[in-house]
Amino acid sequence: DTTVFSTGPKGVINDWRRFKLESMDQENLPSAKKELLRQMSSPNRARDDSRANLNRKMSVQEYEMLKEEDEGCLKKYRRRCMQEMHDKLSFGPKFEGVHDLDSGEAFLEVIEKEHHSTVVVVHIYKFGVRGCEQLNSCLDCLATEYPTVKFCRIDAVASGAAERFSDEVLPTLLVYKAGELLGNFLACTQHLNEEFFATDVEAFLNSYGLLPEKELPAGEDEEENYVE
């Protein structure tokens, strides 16, 4: 079936009705409630009463169901609508994992040719330099949390600019967007605790406004967080 999302009041109500029907545990429902949900999902195909009278009855019955048990369902429905809106407004590409760059040419290409809306975070590191390995692990985690951000890493020697990136300034984080350098953090671990985690790196980048809003977790059941 083709799903059409309506934004008018009637369209939103009918969309909620369909969502309600799909989210209920049909097997364990009383027969009377099953019939009510069937009518809610297709009110124009009712077998009895005038349409106006049926609509009046259904609105009262739906309200009673809402009072009984629908807080969690409404939260899930709202989350689904927010995710759909977020997807429609996310025009840039998405990425998986951290991209390993093997040369200075690859480094320049990712900066100059990436989509203009994409934030590119590049970690310049060297094996054996304190903090580099830990920062690589943090970026692996952040790449799953921010799929619209392109996280990259490159060895300082492979970059062709080893003289500029000595051990004293590593690890270095560079942040670009549309070819413009937004952040240049030399020896960036000096801004973090000796033992740091992905959330610390995230907070550091967010303090400069360099990360977009985090993606909504797919399928997260907000009902579990509801407290009566």
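**Close-up 1. Helix α6 (residues 132–145) in the predicted model**. With 14 residues, α6 reaches 20 Å from its first C-alpha to its last, close to the 20 Å expected at 1.5 Å a residue, the expected span being 1.5 Å times one less than the number of residues. Helices (H or I, at least four residues) and strands (E, at least two) are DSSP runs, numbered from the N terminus. This is a predicted model in which local features need pLDDT of at least 70 and side-chain atom pairs count only at pLDDT 80 or more. Residues are numbered from 1 along each chain as its sequence is written, and side-chain values use heavy atoms, with hydrogens and water left out.

**Close-up 2. The buried and exposed residues of α6**. Cys132, Leu135, Asn136, Cys138, Leu139, Leu142 and Ala143 are buried (under 20% relative accessible area; exposed is over 50%, partly exposed in between; 1.4 Å probe, protein chains only). Seen down the axis of α6, these buried residues fall within an arc of 165°, taken from the directions from the axis to the C-beta atoms, so they line one face of the helix. On the other side, Glu133 and Thr144 are exposed, while the cover over the buried residues includes β2 (119–125), β3 (150–155), β4 (172–177) and α7 (198–206).

Close-up 3. For Cys138, which is in no disulfide, the nearest cysteine sulfur, that of Cys141, is 6.6 Å away. The sulfur of Cys188 is 8.1 Å from the closest cysteine sulfur, in Cys132, and therefore too far for a bond; Cys188 is buried, at 2% relative accessible area.

Key. A disulfide is a pair of cysteine sulfur atoms within 2.5 Å. Contact means heavy atoms within 4.5 Å.
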